[in-house]
Every structure is written in C-alpha cells, then in structure tokens.
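Please read it alongside the sequence and the coordinates.

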Amino acid sequence: MASKFQRSNRTGWLMAGPAGLLIAGFVILPFFFAFALSFTNQRLISPNPTEFTGLANYRQLLGMAVLTVDPVVDAAGAVVLKDGVPEYPAIRSFTRNNPDYPHLQGMREWTSFTWGDSRTYILARDVVFLTAIVNTFIFVIVVAPVQAGLALGLALLINQRLRGINLFRAIYFMPVVVSIVVVSLLWRFIYDGNSGLLNNLLGAISFGAIPQIDWLGNPSTALGAIIAMSIWQAVGFHMVIWLSGLQTISPTLYEAGAIEGASKWQTFRYITWPGLRNTAVLVLIVITMQAFALFAQIDVMTSGGPLDSTQTIVFQAIERGYGKQDISGGSAISVILFVIVLTISLIQRWLTRERT
Amino acid sequence: MKHSNWLAGAAVAAISLGGAAQAQTTLSMWYHGAGNEVEAKIVDQIIADFNASQTDWKVEMQSFPQAAYNDSVVAGALAGNLPDILDVDGPVMPNWAWSGYMQPLQIDETLIEGFLPGPKGYWDGKLYSIGLWDAAVALVTRQSYLDELGLRTPTLEQPWTGEEFMAALEAAKASGKFEYAFDPGMAWTGEWYPYAFSPFLQSFGGDIVDRSTYKTAEGALNGEAAIAFGEWWQGLFTNGYAQASQDPADRDSGFAAGKYAFSWNGNWAALGALSTFEDTVFLPAPDFGNGSKIGAASWQFGVSASSKHPEGASAFIQFALQDKYLAAFSNGIGLIPPTKTAAEMTDNYKDGGPMAVFYDLTKAQALVRPVTPGYVVQAKVFEKALADIANGANVADTLDAAVDEINADIEKNGGYGH
Amino acid sequence: MATISADNHGLRLATRYAVLVLIAIVFIFPLVFMLMSSLKPDQQLLQDTASLRAFLPVGDVSLRNYTAAFDRAPVALFIFNSVLVTGVTVVLSLLVCSMAAFAFVFIGWKGRDFLLTVILATLIVPFETIAIPLLLIASKLPWIGMDGLTWGWLNSYHVQIVPFIADGLTIFLFVQYFKDLPGELIEAARVEGATWPQIYRRIVMPLAGPVLATAAILKFLAMYNQYLWPLMVVQQEGYRPVMVGLQYFFQQNVAWGEVMAYLSMITVPVLAFYLYLQRAFIASIASTGVKG
C-alpha cells in the first residue's frame, strides 16, 4: 500500500463517499439521536416536555445492591429452622416501604447464597434486564461456535463434485430463504407440547420412553429450543459464506497437496484453513452480531417467557421502547448493547489479528 | 318526452356529479380491518352511503391489518401524518387522547343515550370515541356437559360462586373426558390477558390500578384481594385444570374438538361454537365475591387532533351510528350491537336469539378497563405478571414487582394527567 | 480386484449420498410441511400436525386456500412491491458497497481507516433500535420525483429503498473478500497506467462473483423480510410489502391454511432468486479459484 501508485485521496473519498454518506445519514445520525434520548425521559407518546435526566435510565437498568441478612431468631435467640434450614426474613420486607433501606426500594432478588449463618442477596433494580443479558450471552456463546462449525462442515460436504450437488446446496439453504418470522411460526407446531412433531418423533423412536415435553412452555427447555431452531435456520447462510471462501482457494494448491500425498486432515489444516482466514473472521463476526440481535424468534415464539427464560437484550429494548412507550429506556438498552458488542468485537479482532 | 326526460336526468346527474367533485372535501380514514372481508364490505358500504348522502364530504379509507394497526398510528403521529378519522381500541383511547392524537367528537350526544356503556369512549369528561359494537366474554360450554357432570346451570341473577366454579372444574377433571377442564385462552397473548382476565381480579375485589386516583397500583394489584386472585389463578394451572402454555390451534379448535369442558371466549367465536354443537351455552362469569365481571369496550371511531375538518369527520361518525349499520356489523361478524333497537334487528341478539345472553351480560356485568393513558403500559405489565404466575412464579413477589413497574411508569409520566 | 474396488467406490458414493439426503431431510421438512399444509382445510391441517400426514398431500387436498388468500389480500401487489423494492436496493447496494470496499482495500487515502472502523461499528446497531429516530428523519427529508420537490418520504418506494442501500455488513463482506484477491494484480495495473474505475470494473469485479452472490442473497433476504420499517412509513396499501401483508391473515381466528398458502407464494421469489444466483455465480466460479 505504500506505493505512490496506490494512493489517491480524491478517488478514495469519491468511491467510499456514497456509502459513507448514506450510512452517516441513515444509521449513525439516528443512532446518535437514540444515544441522546437515553439521557432523557422522552416517551414515545406524551404531551409532557422532554427533560434531561442524566444517567437515570442506566441506573434503573443496571442498579444492583448487596444485602446480607441474618436468620430469623426466636425470643431465646435461637435460629428458627423451617424444614431443617434456617429461615430468613422476606426480601420484600426490606425492599418495599422500609424507611431504613431507602436505597433498596423497588429492588428484587437476582440471586443469593448462604455464607455461614447469614444469607447474602444480590438485588437488582431490573431483574428482567439482567436475565436478558445473561440469556443473550448464553445464546451467543452456544450459537457462534456451533453454527460456524456446522456451517463449515456443510460447506466442505457440499464443495465436492457430485452429480446433483447443486440440488443439495439449494436444499440446505432453504431455511434461510424463508423469513425467520415464518420459520418461527412453523416451529411452534413442531415444538408443540401436546401433539408436536418433535414429541411424536421422540416418542416413536424411543417407543414412548421419552415423555412429552412442552418445549417452549418449559423454562428449562425454551431457550435451548430457540437456540436449536436458530442454528438450523441460519446455518445454510454461513455455509454459503464459507463456500464462497472455499472457492477462492486455487485448485492448483490442492493438486500440489495431492502430489505430495497429503492426508485429508493435512489438506484441510495446511491448505484449506489458511485460505479461509478472512472468511473465518467474517463468519464469526457476522454470527456474533446476528446472535446479539436475537429478537424475531422470541417475539413470535415465547415473548420472553416462560418466567423470563427467553428474555433477550433486543427483545427488552423493543418491548420497552415500543410496547411500553419508554423510548428513552429502550434507547439506553440499545446503547448498552452497543457497548457490549463493541467490546467483544474489539477482543475478537485482537484475538484474530494477523500476527507478524 | 321520454327521450328528453332521459336527457334531463343525465344533465342533472352530470351537474350533481361535477358539483360533488368540486365541493366534496376529502376526509381520510384509517381502519384496522384489512384482511377481514366481511368487515371491509360493511365499512365500505357505510362510506359509500355517507359519500352519496351529502355533498360536503368524501371519506376515503386506508385499512391496516389489526396486528400492525396501533404501531402504524403511533408512527403516523410521530411523522405528523394522521388521517382525519381513525379507529381506536377502547382502552387505548385515553392514551391517544392524552398524547394529543385525538380531539373530542362533535356529535349530538342524545343520539347515544341508549348505547351500552362499553362503546362510549369518555376521557377527561369528553366523548372522544364511539363504538358501533361491543364485545363480551362468556364461559362457553355445552348443556350436555352440565347435565352429565350434574351441574347447576348458572344464570345472570344467580351466577356460579367461585366455589361452584371450582367444583365444576373439579367435576370435569374427575370425569376424565377432557384434556383440560378449563380453557382460559392462554394462547392469545396480548390484549386478551387484561381484557379477559382482569375482570376475575375485579370480581375478587382487586384491580390493575387504583381507580379512585389512577396514581398508584399499590393495594389494588398487590393487596389481599389481588393475592387471593393470584393464588387462585396459579391453582388453575398447578392443579391441572388448565394449561399454562397453549398452542394457538388448540385455542381456535380445542373446544370444538372436545378437549375442554369450559372455554372462556368472546362472542366473536360464539357463532362457530354454536354451529359445532347445537347445545352450546354461554354462561356468565363466576362471582368471586364482588359480583360477576366481564370486560367491555372494543374498537371505536374517533377524530384525529390534526384533522382540519373535525366537523366533517364527526358527521361521518354520527352517520355511521344508524341502527342498520350497527345491526349489519352484528350480523356480519357476530358483534354485540350497542343499542336495544339495533339488537332487535339482528338474527342473534334479538329477544330469544341464540346470543341474546351476551347483550344482557354486557349490560349487566361489563366493566371498562382502567380509563387512563397509562393503561397501555399497565396492560403489558399485567399480562406478564399473569403469565409468570401461571408458570409458577411467587404470587406476592410477582404482583409487588408489577405494582412497582406500574407506579414507576405513572411517575415517569407525571401522573398521566389525572 | 477390479470389481471389489468398483464396489468400494459404489459403496462410498452411496454413503455420501445417504449423508447428503439425511441432512437434506433435516433442512427441508418444515418447508414440505408448509407446502402440504397450504393444500388442506384448517381443521385437517391442525389434526395432521401430529403425524407424518403433515408432510403428505393426503385427505381433502385442494387449491382453495390459494384462491381464498387472493380474495383476502392483494397478494400479487404485495409481492410486486417487495420484489421491486428489494431488487432496486440489491442492485444499488452491490454497486455502492463494492465501490466503497474497493476504496478501503486497494486505495490509500486519508481518513480511510477511521471511516472503515466507524462503518464496521454500525454493524452492531440493530435496526429496531434506531427505527424511531430514522422515522423522524425520513418524515422530513425532501425528495425530487415526478411531482417535483416534495417534503417527507412517507408512502413511497424510495423510503423503503434509500436508507438500506449502504450497510456495514455488505461492505464488510466485500472488504474481507477483496483482501484475498492478489494485490500484485492491482499494483501492476496501476503501474501500467490503468485508472481506478478501470481497475474496479475490469479487474476486481470480474473476480468478485462469489461475494456478489453472497452479498446479493443476503441483502435480498434482509430487504424482502422487512416488516417494522414499512409498517412505520407506509400507510397506503399500494406500497405495502409482503411481510406486512402477512398480518392480513392473522385475524382473531387464524386462517392457517391461507397463511401457509400465502407463505408458500411469497417464498417463491426468494427461492427463484437464490437458484438464479447459484447458477449464475457459484456454479461458474466453482472451478476457478483466484487465490495464489
């Protein structure tokens, strides 16, 4: 790039300018708008004037506190046992209308653990949002590697010369072609707790040993069910990206490898994988971004339930911004998401940087 | 003679047409019924009749699919692009009126004296919207089920008590004939929850928000009555009377397929139930201590605040209030006509008609949802609380959290103008 | 000896196909379900979901749902709108984004790294979170069209197109692909006096088949499935796209058979587009690796 033939300020700006302008006007400007809103009390619909409220929205979303309580003791000072374990005073006695604990007003239990006799509670101002963050991370951590790996496997499988291979390519890509909203609608039938296809299939292959499970209605299976469907839906898309990467690798390299007697694994390890470097970065980043934006499946299939087991960050942003008309709170969630993903992608870029 | 008559007629027609084209001011109108052919036909008819009935105004309609309608209106308002006439779901009206999207109607209020209370949309003492129908919910079952299970048939005067209702569910469950004794309609997420289930809470003596001030939900949604309601609600699911997660297909066809003994459903589904089982009966809501309650208010018409011709928009709405149109909607889509005279013109709601009971139910028991701009948020909070409790969440904690969220929202909105 | 190896070969081929077919079943069954359901009346459709009958055209099979869908909604209009908006956006997007990526990868210029970083950062912003501010902006923009100068972009095709022409993901796709192209080729061309537009047109784009196909299908899908934005900016049925049209079928009692018929119909253009791309680009490029 150092060559003087390859420098041209004018051409560079001219060619990148249209895209830059469009993105500035239709993405960056609105985002700054949203950023500014997150520091106000702006409502989606309201005759009230907008006021600057500083970090109030962020405090509301992320506020946490720790409360350690001693077990209930009887008149003699002995710990009261209930079913063999010490009993603790109800958290709502601290967090509701208790003048001694004004900073805990309105908080809820996020998690708790026992240390010695006393019990420590982590309280949060917005338990649902914290749950949404955790769920989103679980989703990303499972989906990113599994989807990328499966997609690569499929791409390798499909990148062979076989009669009719194009048909299989098209079929593997089919779920991508159908909108995620539509796919979610279809899978609701499949996951149905009573007469769903999945239950009937599992029942049939296990001769009835596997009980009927309400996949989307059970807090312990709902997120997993959505993860599985999401991987299934989008894996074909990443297969195509891998495929376009595979196809840039020159056949002469493979021929050379074959002449030297390279095994299949060696071919992959020393020819294919190095040639997929930029593609791998792309696939990983794109999957991560898409996974963090998880929304449509949730909206159609569970609305965040049951018991918040499928709440996600973007679902919360939209539920608040539009559903509950709290556009400033929704914007604050968007900003938090932006910061999280930016941090992660900087780490990703650092990890996948080209070492020299 | 004949010939010249024809010519004269044509000339008159041409003049009046030309005159109409010049003088008629166009009024735009948004309606939520896209995709519903029967409804669209009736609305089109009213518009055509209105446009032909006078020379000042010409209404043009844009229809939207219902699921996208509210978002479209909010977006339209944000972009400064609302029509003259719009329709609005009854409980949402105060939100739009308070936000300055709507203006009071200019219609002769003596015309609506005979209306059921549900279709009349009052906010801040003024009439902002008026409905051409109401909707009601009833406990749908079959006479044969009642007979087999040996249950008393409840009446409007003597509805089932809470205990009788639970005994009925227990009998249905014990009979082993049904997948579930009761189908509350859990699959219909969204507005169905507050519309259909908050009357139970009110019958227990609680409410979504304290209606004396509309400034807090404390006590109303987490007081003793509300907690009793919550425990009862949770019991429906933990005791196996109902399923917490239901698929939409079961909701649509489960009762017809004999999966449920009792279905909590609206009058819009009544025609279908009647055509499946001739002995379908519609029972009043059980009384949990504070009387039988059901929800009221459905879609209504109003005038947008930005309309430059509110008198024309109001004229159209007033025109639509004729009994023949009220009856047409009822006959077409099974809705409850808002006047007795219109009810007498319908097949289903006239005295002795198969659904006349709904008219009486609405008249006797209907309670509108909280009349406050905050209802839009409160409905969402209530829905989530009920879903969580049905799925096993701690009742008192869940209701406390709901109260906190509702109160925080009221505070954030400066009391919503109450 | 020869026969054994032939058998071996045949067996291996059979195994390969068996694997391919098994995977294919996993990917295609919901679509078969959709298609078959579209032929059945609601009652039967719902009963069939419990068994393998869901995948078979059995029982009371007819095209009634399709005619009913046309009666309920202007299906052809919705598909036309979506295809038009999507098609125009895809073409413009490929042009604008590939040009930008070209400048980012091959040309040295002041501000390049900064601008690229900013554009990549926009990848993170989910559209839903900026929709309201974008609506406020779009409702005040000027436009010069057939009616002369107008203000506000609501109720038009361009409001559904222009904001989506340039996006970080498409640029990123091109950038990552261009990085793999041999840089010497471009340098040599420069030395020989080729202009930048010539290099873009004659050297880089002819090699960009696979990424053009990928970017095109990705953009096509994103645009074709637009819901929230058209819902907010289009109030006239005449400009409404397919995903908003889908809501016509979700009445109080969902007409599932018609939903399936509608879904089957709106899937056709996407599938056709993908198959076209597969033929035009991917297949043709399969044997011509470009990496040195």
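Chain B of this predicted model contains 16 helices and 13 strands. Its radius of gyration, 23 Å, is close to the 22 Å that the globule rule gives for 418 residues, so chain B is as compact as a globular protein of that length. The points below take up the chains, their contacts and the confidence of the prediction.

**Chain B: overall form**

- The C-alpha trace of chain B spans about 85 × 50 × 35 Å along its principal axes.
- Of the 418 residues in chain B, 56% are buried.
- When contacts in chain B between residues at least 6 apart in sequence are considered, 75% of them join residues at least 24 apart.

**Chain B: confidence**

- The mean pLDDT of chain B is 91, and 95% of the residues in this chain reach 70 or more.
- Confidence within chain B is highest in helix 8 (residues 224-238), at a mean of 97, and lowest in helix 1 (residues 2-23), at a mean of 47.
- Residues 1-21 of chain B have a pLDDT below 50, and this stretch makes two contacts in the model beyond near neighbours in sequence.
- Where pLDDT is low, predicted coordinates should not be read in detail.

**Chain B: the surroundings of B:Leu82**

- B:Leu82 is located in the loop that runs between helix 3 and strand 3 (85-89) of chain B.
- B:Leu82 counts as buried because it has 23 C-beta neighbours inside 10 Å, the threshold being 20 or more.
- Not counting residues up to four places away in sequence, B:Leu82 touches B:Gly76, B:Ala77, B:Tyr101, B:Ser304 and B:Ser306.
- B:Val303 is 221 residues from B:Leu82 along the chain, yet their C-alpha atoms are separated by 9.8 Å.

**Chain A: overall form and domains**

- Chain A is built with 14 helices and five strands.
- Along its principal axes, the C-alpha trace of chain A spans about 90 × 65 × 45 Å.
- Buried residues account for 44% of the 356 residues of chain A.
- Of the contacts in chain A with a separation of 6 or more, 61% involve residues 24 or more positions apart.
- The domain assignment divides chain A into domain 1 (64-124) and domain 2 (128-351), and the centres of these two domains, taken over C-alpha atoms, are separated by 41 Å.

**Chain C: domains**

- Chain C is assigned a domain 1 (1-62) and a domain 2 (74-285), with 34 Å between their centres, taken over C-alpha atoms.
- Nine residues of domain 1 of chain C are in contact with seven residues of domain 2 of chain C.
- On the domain 1 side of this contact, helix 1 (2-37) and helix 2 (42-48) of chain C each supply at least two residues.
- The residues on that side of domain 1 comprise five nonpolar, two polar and two charged.

**Contact between chains A and C**

- The contact joins 75 residues of chain A to 80 residues of chain C.
- Several helices of chain A each supply at least two residues to the side that touches chain C, including helix 5 (165-177), helix 8 (222-246) and helix 14 (327-351).
- Helix 1 of chain A provides the largest share of that side, 19 residues.
- By residue class, the chain A side consists of 53 nonpolar, 20 polar and two charged residues.

**Contact between chains B and A**

- Chain B and chain A contribute 26 residues each to their contact.
- On the chain B side, the elements that give two or more residues are helix 3 (66-78), helix 4 (93-98), helix 15 (375-390) and helix 16 (395-412).
- Helix 16 of chain B gives the most to this side, with six residues.
- The chain B side divides into nine nonpolar, nine polar and eight charged residues.

**Nonpolar core**

- The largest nonpolar core has 325 residues, and those with the most contacts inside it are A:Met239 and C:Ala100.
- Leaving aside neighbours within four places in sequence, A:Met239 is in contact with A:Ala151, A:Leu154, A:Ala155, A:Ile158 and A:Tyr172.

Note on methods. Residues numbered from 1 in each chain as written. Chains lettered and ligands numbered in written order. Predicted model: local features only at pLDDT ≥ 70, side-chain atom pairs only at ≥ 80, totals over all residues. Core = buried A, V, L, I, M, F, W, Y, C linked by C-beta atoms within 7 Å. Buried ≥ 20, exposed ≤ 12 C-beta atoms within 10 Å, placed from the backbone. Helix = DSSP H or I, 4+ residues; strand = E, 2+ residues; numbered from the N terminus. Nonpolar A, V, L, I, M, F, W, Y, C, P; charged D, E, K, R; others polar. Domains from an automatic or database assignment. Rg over C-alpha atoms; globule rule 2.2 N^0.38 Å. pLDDT = per-residue confidence, 0-100.
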